[in-house]
Amino acid sequence: MWRLRFSTLDSVRLLLCVFGSLARSVVLAEQEGENLSGLSTNPDKGIFAVRENGTTCLMVEFAVRFLVPYDVLALNGIDLITESAPLALPRGAEIEGTCGSTESEIHISWKNNAYTLRIFFSKELREKGVEVWKVSKVQFVYDTSETSHFINAYNPGRHTASTHRLSALVTPAGRSYLCASQQTLTLISTDHQKGITVYMSDIQIQPFDITTDFMFSEPYKCITDQRERLEETLPIILGVILGLIIVITLSVYHFHLKLTAQQPQLPRDRSMYKNM
């Protein structure tokens with residue numbers, strides 16, 4: 001009996017230790033969202049961060065717009081007409097999120113949670129053991145009963161639009177994704193499978209491996225920006241090459257004229273050869 005009591009007490013102590021460790025780990029892993037949009041000089045761009053233990057673990061900087069189709073009742077009171085509501089992600093949104101070693105996410109909400117943008121990130125190994133991170137899923141929750149954007153919506157209510165098998169903004173691990181060009185995503189809504197269009201621009205995102213608080217790591221520029229930069233610089237490069245060709249041609253011609261001028265000139269009149 002004493003042995004049984006002893007083992008029971010030990011089990012209780014062990015459970016208390018386990019629960020205490022779990023509670024401590026939850027406290028230590030406390031995560032909070034911060035809105036830093038006031039630091040941006042662009043009135044359309046927001047800056048949002050998730051922090052863990054007082055250190056930035058996820059950071060997003062972008063301008064986001066939405067085009068959301070919804071139904072309204074026609075004038076005949078029978079047919080439905082599809083209208084489109086343009087929305088923009090406001091700078092004063094509320095932030096939540098979680099950080100992990102291979103999966104992270106950020107939730108951006110506004111208008112008393114009438115709208116919520118959720119972005120999910122994941123890490124993966126690709127060919128030759130190269131580690132990358134990507135956007136694995138995007139969700140947009142919206143409420144068509146919110147009348148500032150959805151006017152006379154038919155059968156208003158909350159809907160969720162999501163991507164399907166997304167692999168976007170693929171970036172080498174340890175670097176941030178940088179793209180000034182507009183990136184477009186299409187989300188499928190629970191509202192009769194309508195397509196929600198999401199436009200993102202002036203993007204810089206890093207969901208993992210941030211080494212300095214509130215600072216992005218080395219940027220990885222998107223292919224669109226690289227192509228546009230090449231299109232901008234190519235005429236300049238061609239102009240420089242053409243200018244060099246012209247300079248070289250004129251230099252050769254000038255050198256040829258100097259050599260020709262230094263050679264002795266033979267008389268063209270044959271009668272002059274008799275006096276030579």
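A: The largest nonpolar core has 47 residues, and those with the most contacts inside it are F62, F66, L89, I106, F121, F140 and F150. A nonpolar core is a set of buried Ala, Val, Leu, Ile, Met, Phe, Trp, Tyr and Cys residues joined through side-chain atoms within 4.5 Å, where buried means under 20% relative accessible area, exposed over 50% and partly exposed in between (1.4 Å probe, protein chains only). This is a predicted model, in which local features need pLDDT of at least 70 and side-chain atom pairs count only at pLDDT 80 or more, while totals for chains, interfaces and linings use all residues. Residues are numbered from 1 along each chain as its sequence is written, and side-chain values use heavy atoms, with hydrogens and water left out.

Q: Which strand gives the largest share of this core?
A: Strand 3 (residues 55-73) does, with nine residues; strands here are DSSP runs (E, at least two residues), numbered from the N terminus.

Q: And what is F66 in contact with, leaving aside its neighbours within four places in sequence?
A: With those left aside, F66 is in contact (heavy atoms within 4.5 Å) with A85, P86, L87, L89, W110, L117, F140, T197 and V198.

Q: Is N155 buried or exposed?
A: N155 counts as exposed because its relative accessibility is 60%.

Q: What about D202, where is that found?
A: D202 is found in strand 13 (residues 195-206), and D202 is partly exposed, with a relative accessible area of 29%.

Terms used
Helix = DSSP H or I, 4+ residues; strand = E, 2+ residues; numbered from the N terminus.
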